[in-house]
Amino acid sequence: MKLLEGKNVIITGASRGIGKGIAQVFGQHGANVAFTYSSSEAPALELEKELLDMGVKAKAFKSNAASFSESEELVKQVLEHFESIDVLINNAGITKDNLLMRMGEEDFDKVIEINLKSVFNMTKAVQRTMLKQRKGSIINMSSVVGVKGNAGQTNYAASKAGMIGFTKSVALELGSRNIRCNAIAPGFIETEMTDKLDEKTVQGWRDAIPLKRGGSPEDVANACLFLASDLSAYVTGQVLNVDGGMLT
Ligand code: NAP
């Protein structure tokens, strides 16, 4: 059964990793997918082709999620291709890890702008369309780190915790218009973002996870599929942990 047949979706940061996994699963479920990247043009165009070959509409856009004006422009352009926006997935994110003692102001600001302000930018940009439709699902890619904190990631943890507060507030503001807003808190998902970590740290994490493995982009994509589809029609303001039991 295709759960997203004909739904129009925007995913930020889908040239690789979790975003790409979401785009692939959504395409398989019949969704038309507009997605963004910041610099990886070739992989983005490859993904666009892969989605078009599935028989859905697809379009890659170079757009900096941290920019308010680029986000507004992006949504305008998406609406020229798709007549509605049913689902927004705020997935774009970066890390710039360091102990607080060594973290520079620039690395704090950059992580907050790309991970958190982007969510404000994109949610505001789709809000009018979703309000007119009286329907929409917004999914914000937070992290277990936003729930429990992590040494060496004060900037990242603050951005991801901020996303949870934003999610709950949007759910309260827009629920009466049938617009749902939920967050996903992935644990350790094996992507280029986590490739940066040393193998010893990674093995330590795997050992500490009840399911004894790192997650895949598809594991996160399947949770997004639930939150994007009508299967979750009565679910809003929630944080869904996709972490192999890490926070249990
Ligand atoms: P990733 O492999 O590093 O991919 C990040 C994606 O975001 C890329 O497509 C990248 O595009 C895009 N991006 C970066 N900066 C952007 C910007 N300013 N504007 C638009 N797009 C931008 O990361 P990932 O592991 O898939 O993570 C995806 C999301 O899940 C992030 O929000 C991350 O914080 C969250 N998350 C990940 C994990 C994990 O274990 N991997 C755990 C919890 C939460 P380019 O390729 O063009 O740079």
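**Helix packing in a predicted model**

Helix α1 (residues 17-28) and helix α2 (residues 41-53) pack at an angle of about 15°, with their axes 9 Å apart; axes are lines fitted to C-alpha atoms, for helices over the stretch in contact, and angles run from 0 to 180 degrees between N-to-C directions. Because angles under 35 degrees count as roughly parallel, α1 is roughly parallel to α2. Lys20, Ala23, Gln24 and Gly27 of α1 make the contact with Leu47, Glu50 and Leu51 of α2, where contact means heavy atoms within 4.5 Å.

This is a predicted model, in which local features need pLDDT of at least 70 and side-chain atom pairs count only at pLDDT 80 or more, while totals for chains, interfaces and linings use all residues. Residues are numbered from 1 along each chain as its sequence is written, and side-chain values use heavy atoms, leaving out hydrogens and water.

Consider next helix α3 (residues 68-81). Its end C-alpha atoms lie 21 Å apart, which agrees with the 20 Å that 14 residues should span at 1.5 Å a residue, the expected span being 1.5 Å times one less than the number of residues. Ser71, Leu74, Val75 and Val78 of α3 are buried (under 20% relative accessible area, with a 1.4 Å probe and protein chains only). The buried residues fall within an arc of 95° seen down the axis of α3, so they line one face of the helix; the arc is that of the directions from the helix axis to the C-beta atoms. On the other side of α3, Lys76 and Glu80 are exposed (over 50%). The partners of the buried residues are β1 (8-11), β2 (32-37), β3 (58-62) and α4 (105-133).

Helix α4 also packs with α6 (residues 154-174): their axes come within 8 Å and cross at roughly 15°, which makes α4 roughly parallel to α6.

Technical notes. Helix = DSSP H or I, 4+ residues; strand = E, 2+ residues; numbered from the N terminus. Parallel < 35°, antiparallel > 145°, perpendicular 65-115°, else oblique.
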